[in-house]
Amino acid sequence: MSDPSERPDEPTDAGVTSLTRVLPADMTERSSGCPFDPAPGLADRRGAGAVQPVELLNGAAAFLVTGFEEARVVLSDPRFSSDRIRYPDASRLTPDQVAALGVHDGSPLTPRVETREDGMFVFMDPPEHTRLRRLLTGQFTVRRMKALEDRLREIAVEHIDAMVAAGTEADLIPAYALPIPSLMICELLGVDYADRDEFQHNTAVALSTRSSDAERAAAGGALYGFIARLVTEKRGTPADDLLSGLVHDAEPPLTDAQLIDMTLVLLGAGHETTANMLRLGVLALLENPGQLAALRADPGLIDGTVEELLRYLSIVQLGVTRIAREAVTVGGVDVPAGATVVIATPEANRDPSHVVDPDRLDLARPRTPHLAFGHGIHQCLGQQLARIEMRIGFGELFARLPDLRLTVPVEEVPLRNDMQIFGVHALPVAWG
């Protein structure tokens with residue numbers, strides 16, 4: 001197997017792109033005054049149409065989808081491709097590449113390559129996507145995820161007890177919000193949790209919009225190397241874990257490159273997204289004491305709480321893109337062949353035509369469909385696990401620490417505006 005650090009430059013994230021680099025800052029950076037709302041520049045576009053033309057900072061034309069139903073159409077219509085290896089995604093092009101490609105001229109698209117040998121299934125279309133995803137679907141069933149509840153509760157309680165034993169204050173992120181999903185995905189994949197600092201650090205560098213290209217490349221190479229060593233170990237010494245199953249049971253067998261890519265997606269998505277939902281969700285509940293009091297009075301609200309927080313917070317900011325394979329009309333707007341379409345998830349989840357009073361956090365809201373886990377064939381594989389992690393994570397924390405509170409004003413909580421997955425960098429809390 002070749003050195004993973006020498007692999008072609010491929011996405012090292014879990015399904016998001018570099019839009020925070022090519023869209024104006026006011027459309028990608030949330031306000032410290034209300035970190036739960038969409039970025040001000042994005043919110044300002046509300047009412048301007050469900051599908052809107054937008055010019056990227058690299059000079060490319062694209063389309064921004066802010067309507068809920070229109071977003072579902074784009075995410076489920078096979079005329080929109082997820083394959084940004086074959087088709088040029090405008091959000092990932094340099095200004096010179098934009099000029100050279102002459103993107104969005106309405107001409108038919110010709111795939112760059114005929115076959116793909118990687119395992120980045122989140123950036124594939126059928127049939128490649130179908131085969132790789134099918135190998136994973138059986139690992140993330142509702143029944144199997146529910147079987148993990150006792151272990152997840154054990155993890156949550158252990159970390160709360162450790163926080164209490166250490167004093168009356170903590171940064172909730174390293175003490176609680178990050179370990180729960182990180183430890184769980186490590187156990188599922190068969191990753192030694194002692195190695196968490198290595199993959200967590202390199203994932204953070206790869207997802208940071210402030211990392212240089214060289215830093216992102218180095219982090220990506222390190223992540224590939226880390227997973228490559230793990231794949232080699234599983235080939236020689238399989239265990240009862242998801243990665244060992246992929247290594248030894250897939251038919252036809254997966255290549256090392258495919259195994260590395262697939263594991264990288266699962267490992268990154270399995271800890272980054274849920275960890276940020278836990279940390280930002282706790283902050284949102286602490287800043288909405290009436291809603292938190294209702295949850296404490298009626299723990300049966302926890303399922304609705306998780307769904308409402310997923311809708312309300314929308315931590316995957318502006319990273320889901322599709323490329324039109326042919327001319328398509330969406331929301332009354334003609335999208336030419338080759339155009340990149342950006343799903344504005346925070347706005348789509350607050351579409352007034354879909355949700356009544358969308359800017360209000362309401363834990364008792366009747367269950368409302370949202371796009372936090374995407375839609376269509378690329379809908380998040382681990383969504384049931386994430387739901388259980390949040391249900392237990394929020395439930396145990398607020399039940400065992402009823403006087404949990406922030407130790408700084410919300411305006412002083414550092415926001416992850418420099419990251420492609422939104423959240424907070426620190427969450428100082430106290431109890432007792």
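Guide: In this predicted model, S9 pairs with strand S10 (residues 428-430) in the antiparallel sense, over two bridges. Within that pairing, Leu 406 has Val 429 in S10 as its bridge partner. The two strands belong to an open sheet of three strands, ordered S4-S10-S9, with antiparallel pairing. Strand S4 (169-171) and strand S9 (405-406) are the edge strands, each of them pairing on one side only. In general, strands of a sheet pair through backbone hydrogen bonds, either parallel or antiparallel.

Two packed helices are described by the angle between their axes and the distance between the axes. For helix H11 (residues 213-236) and helix H13 (residues 256-286), the angle is about 115° and the axes are 9 Å apart. H11 is therefore roughly perpendicular to H13, and the crossing of H11 past H13 is right-handed. On the H11 side, the residues in contact include Leu 223, Phe 226, Ile 227 and Arg 235, and on the H13 side they include Asp 256, Leu 259, Asp 261 and Leu 267. By class, this contact of H11 with H13 has 10 nonpolar, one polar and three charged residues.

Salt bridges are a further kind of contact, and the whole structure has 28 of them. One of these joins Glu 69 to Arg 72, with the closest N and O atoms 3.8 Å apart. Both residues are in helix H3 (residues 68-76); because they are three residues apart there, about one helical turn separates Glu 69 from Arg 72.

Methods. Residues are numbered from 1 along each chain as its sequence is written. This is a predicted model: local features need pLDDT of at least 70, side-chain atom pairs count only at pLDDT 80 or more; totals for chains, interfaces and linings use all residues. Side-chain values use heavy atoms; hydrogens and water are left out. Axes are lines fitted to C-alpha atoms, for helices over the stretch in contact, and angles run from 0 to 180 degrees between N-to-C directions. Helices (H or I, at least four residues) and strands (E, at least two) are DSSP runs, numbered from the N terminus. Angles under 35 degrees count as roughly parallel, over 145 as roughly antiparallel, 65 to 115 as roughly perpendicular and the rest as oblique. A crossing is left-handed if the near helix is turned anticlockwise from the far one by less than a right angle, and right-handed if clockwise. Contact means heavy atoms within 4.5 Å. Ala, Val, Leu, Ile, Met, Phe, Trp, Tyr, Cys and Pro count as nonpolar, Asp, Glu, Lys and Arg as charged, and the others, Gly among them, as polar. Two strands pair if DSSP finds at least two bridges between them. A salt bridge is a side-chain nitrogen of Lys or Arg within 4 Å of a carboxyl oxygen of Asp or Glu.
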